[in-house]
Amino acid sequence: DQNEFIIQDLESHSFPDEVEDRSLPTSPTANNATAFGLKPRSDLSLTPDPVSFNKLTQAPVERDRICYNFPSEGGTDRVFVRPQRSLDSVDPQFTIRRKMEQLREEKELIDQLRENIEVRLRICLPEDLGSALMDGVVLCHLVNHIRPRSVGSIHVPSPAVPKLSMAKCRRNVENFLEACRKMGVPEEKLCLPHHILEEKGLVKVSITVLELLDVTSVKQALCI
């Protein structure tokens, strides 16, 4: 039969397009990795190097400025601990208490300065002590009271000119400091002219006057 001949003829010929796929099957994961430009999981270059336990224990650990160094067997123990912070940065209340204590000490020095002047000169100073001392008149009188004629001339206000010029005030202040120096007050205890003239250093002035009284009292005791 003619139809049977055609079927047999087709079965006897092989077509090039029909090639049997005998390659090994691959996993879908590997195909997907290759498609996205990634290396398959079995690639050794992606496997991290093993980390030894000794390296982990010897590596310094730094947390909040604390460094612990745990050496390997047979090494020397070294432990670095964060230095202790000052109380000022730890406790704000400590800073406040310290400031209040400093203000209290300064107030005591100023009150003592007022008392020393008022008792010795028998005067009553105004509440604003800085303005009462800035022209140097009271301080020069104090020095002359302790040792007469220590300051030869003192510029004093007059009814016509109730306020001294700055030049005369400075002259009085310099005479006072020079007299203190001659009477034995050390340089580190002497205040500076601007502490008096600018009313910015009553504590320094008080320290100078206290040292003046101490020095003169010791000399007077030795003379007796």
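1. Let me start with helix H7, residues 137-146: eight of its 10 residues are buried, so this helix is largely enclosed by the rest of the structure. Buried here means under 20% relative accessible area, exposed means over 50%, and partly exposed lies in between, with a 1.4 Å probe and protein chains only. The buried residues of H7 are Val137, Val138, Leu139, Cys140, Leu142, Val143, Asn144 and Ile146.

2. A word on the basis of these values. This is a predicted model, in which local features need pLDDT of at least 70 and side-chain atom pairs count only at pLDDT 80 or more, while totals for chains, interfaces and linings use all residues. Residues are numbered from 1 along each chain as its sequence is written, and side-chain values use heavy atoms, with hydrogens and water left out.

3. For the overall layout, the protein chain has 10 helices and three strands. Helices (H or I, at least four residues) and strands (E, at least two) are DSSP runs, numbered from the N terminus. Read from that end, the order is α-α-α-β-β-β-α-α-α-α-α-α-α.

4. Across the 224 residues of the protein chain, 23% count as buried. The accessible surface is about 17600 Å², with 55% of it belonging to carbon and sulfur atoms; these areas come from the Shrake-Rupley method with a 1.4 Å probe, and for residues only the protein chains shown count as cover.

5. Helix H5 covers residues 92-121, and its 30 residues reach 44 Å from first C-alpha to last, close to the 44 Å expected at 1.5 Å a residue. That expected span is 1.5 Å times one less than the number of residues. Buried in H5 are Leu113, Arg114, Asn116 and Ile117. Arg122 follows H5 and has a positive phi, near 55 degrees.

6. Asn175 may be worth a look in your viewer. This residue sits in helix H8, residues 166-182, and counts as buried because its relative accessibility is 17%. Leaving aside neighbours within four places in sequence, Asn175 is in contact (heavy atoms within 4.5 Å) with Val151 and Ser153.

7. Finally, the cysteines. With a disulfide taken as a pair of cysteine sulfur atoms within 2.5 Å, the count comes to zero. Cys180 is in no disulfide, and the nearest cysteine sulfur, that of Cys191, is 7.5 Å away. Cys180 is buried, at 0% relative accessibility, whereas Cys124 is exposed, with a relative accessible area of 72%.
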